Amino acid sequence: MPGIRGPSDYSREPPRHPCLQINAKEPFNAEPPRSALVSSYVTPVDLFYKRNHGPIPVVDDIERYCVDFCGLSETPKKLYMRDIRMLPKYNVTATLQCAGNRRTAMSKTRKVRGVGWDVSAIGNAVWGGAKLADVLELIGIPKLTSSTQSGGKHVEFVSIDKCKEENGGPYKASIPLSQATNPVADVLLAYEMNGEPLNRDHGYPLRVIVPGVIGARSVKWLDSINIIAEECQGFFMQKDYKMFPPSVDWDNINWSTRKPQMDFPVQSAICSLEDVQSIKPGKVTISGYAVSGGGRGIERVDVSIDGGKTWVEAFRSQKTGIPYIADHISSDKWAWVLFEVTVDIPHSTEIVAKAVDSAANVQPEKVQDIWNLRGILNTSWHQVHVRVGHSNM
C-alpha cells in the first residue's frame, strides 16, 4: 500500500506508558492497572489497552496513503484521507473490549490458549471519523443495503498488519453489509481518538470502529475494504474468536460448527480492589465498570460483600452531571458505565459484582459454566477477596 507498510520486525515500535502491564512483548499486548480504568469515563489514550498481532505499521507518506474499495460493488475506488475527511465527521463514544478480557481468571479454572489478560483489556474512547455508511455511498452502495446487485452481503476490512496466524498475510475481519450501511449502527472509519489523531498503536492513520462488537472486528491500519458474498474467511473469523461449550477441546474441535463472535455479552469488573487485597475494617468504596454489547444499556449493577448471599445496588454513571438511564437518548449507547457503592466491611470476605443489561441478560455465576478452550468472553461474576486486619477469619 502506498504510504504505509507493515514492518517485518519490532525495531520501530512506538513508545508506551511505563505503568502498562505487558502480557506479551512481541507482538506487544498490554493493559493498564485496573485502578486506572475507573479514574475517568473516557480512557486516556496512553492507558488504553494495546492488542496487536504483529509489528506496528509505519506511515511513510500520509499524502499517498489510500484505502482500496473493491469486490462486489459497482464502482471500485481508491479513497485518500482527504476524501474521507470531506465527509461529515461524527464523534462516537464507544467501549472496545478484547474478547479475551479476563482470560487469566478463566485459565485458572482450566488451561486455555491465548494471551493472558486481567480485567483491563477494555477501554472507553471518543472516536472521530466518517460513518462507513456515508463512505460506502461514494462507491454506489446506498444506506440500509443488505445485498448489492452483484451479491455482496458482507464488508471485509483488510489491514496492512501482517501476522503469523495468517501465514504472514494481513489481519482481516468482516461485518454484515446491513450493519455497515446502517447509520444508526455508528460504524466509523475513524481517524481520531479522544480528539487527537490516532496514534500508531491504535491504528494510525485509519481504522474501523464497530461499536458493541468484540474488538477483533475493529480492524486497525486499513489497507482495503472489500464487498464480499460470504463472511471473511480469515483466521480470526473462522479459526478463532468463536464460543464453544466446555465439552470441546483441541482434540474434537470443529471450527465450522460455530459462527464468529460479534456482540459481546454483559460484563462487569471491580477495579478499585485487586483480586486479593488487605484492607482496614470499615467503610470501603467499591467501583468498577459494566458494559454490554449490541448497544444494550446497563440496567443495574449488583454488589455483594458476602460472596453472593445478599446484594446492594451500585450507583451508575457516564457523563458528569447527566443522570445515567439505560437506553435513554441522553446516554452513550455504545459505552460502558462506571459503578460505585460504599459498604461497611468488618471482616475478611469475598466481594462480588454482577451486571444486568437492558434486555435482562445477567452475568453467569461460575466461570466453569462458560469455560471454553480459547478463553474468550469470561463474563462470570467478578470476585475479589479482601483480608481485613484484626479479623479472626
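Predicted model: local features only at pLDDT ≥ 70, side-chain atom pairs only at ≥ 80, totals over all residues.
**View 1. Lys 131 sits in strand S8.** Lys 131 is buried, with a relative accessible area of 11%. Its side chain and that of Asp 186 are joined by a polar contact of 3.0 Å. Setting aside neighbours within four places in sequence, Lys 131 is also in contact with Tyr 90, Pro 183, Val 187 and Leu 188.

**View 2. The protein chain is assigned two domains, domain 1 (4–239) and domain 2 (267–388).** Here we step back to see how the two parts meet. Their C-alpha centres lie 27 Å apart. The contact takes 36 residues from domain 1 and 39 residues from domain 2. Between them, the domains bury about 2900 Å², with 56% of that area on carbon and sulfur atoms. On the domain 1 side, Arg 34, Tyr 41 and Arg 102 lose the most area to domain 2, and together they make up 28% of what that side buries.

**View 3. Polar contacts and salt bridges link domain 1 with domain 2.** Counting pairs with both residues at pLDDT 80 or more, 22 residue pairs are in polar contact between the domains. Which elements of domain 1 each supply at least two residues to the side that touches domain 2? They are helix H1 (34–37), strand S7 (89–97), helix H3 (103–109) and strand S8 (122–131). Strand S7 gives the most to this side, with 5 residues. The number of salt bridges between the two domains is 2.

**View 4. Arg 34 forms salt bridges with Asp 118 and with Glu 274.** Side chains of opposite charge can pair when their charged atoms come close. For Arg 34 and Asp 118, the closest N and O atoms are 2.8 Å apart. Arg 34 lies in helix H1 and Asp 118 in the loop between H3 and S8, so this pair ties together parts that are 84 residues apart in sequence. For Arg 34 and Glu 274, the closest N and O atoms are 3.8 Å apart. Is Arg 34 buried or exposed? Arg 34 is buried, with a relative accessible area of 2%. Through salt bridges that share partners, Arg 34, Asp 118, Glu 274 and Asp 275 are joined into one network.

**View 5. Two further salt bridges pair Arg 16 with Glu 13 and Lys 143 with Asp 134.** A search of the whole structure finds 18 salt bridges, and these pairs are among them. In the Arg 16 and Glu 13 pair, the closest N and O atoms are 3.1 Å apart. Arg 16 is partly exposed, at a relative accessible area of 21%, and Glu 13 is partly exposed too, at 22%. In the Lys 143 and Asp 134 pair, the closest N and O atoms are 2.7 Å apart. Lys 143 is partly exposed, with a relative accessible area of 29%, whereas Asp 134 is buried, with 11%.

**View 6. The largest nonpolar core holds 59 residues.** Which of its members touch the most others? They are Leu 132, Leu 136, Leu 189 and Leu 222. A second, separate core has 24 residues, including Ile 298, Val 341, Ile 351 and Ala 355. Back in the largest core, a closer look at Leu 136 shows what surrounds this residue. Not counting residues up to four places away in sequence, Leu 136 touches Phe 69, Ile 141, Val 155, Leu 177, Ala 180, Thr 181 and Ile 227.

View 7. Most residues other than glycine have a negative phi, and most peptide bonds are trans. Pro 205 is found in the loop between strand S12 (196–197) and strand S13 (207–209).

**View 8. Arg 102 and Asn 194 have a positive phi although neither is a glycine.** Arg 102 has a phi of about 70° and is found in the loop between S7 and H3. Asn 194 has a phi of about 55° and lies in the loop between strand S11 (188–193) and S12. Arg 102 is buried, with a relative accessible area of 4%, whereas Asn 194 counts as partly exposed, at 24%.

Terms used. Residues numbered from 1 in each chain as written. Heavy atoms only, no water. Core = buried A, V, L, I, M, F, W, Y, C linked by side-chain atoms within 4.5 Å. Buried < 20%, exposed > 50% of the residue type's maximum accessible area, 1.4 Å probe, protein only. Contact = heavy atoms within 4.5 Å. Domains from an automatic or database assignment. Buried area = accessible area lost by both parts, 1.4 Å probe. Salt bridge = Lys/Arg side-chain N within 4 Å of Asp/Glu carboxyl O. Polar contact = N/O pair within 3.5 Å; in protein donor to acceptor, adjacent residues only side chain to side chain. Helix = DSSP H or I, 4+ residues; strand = E, 2+ residues; numbered from the N terminus.
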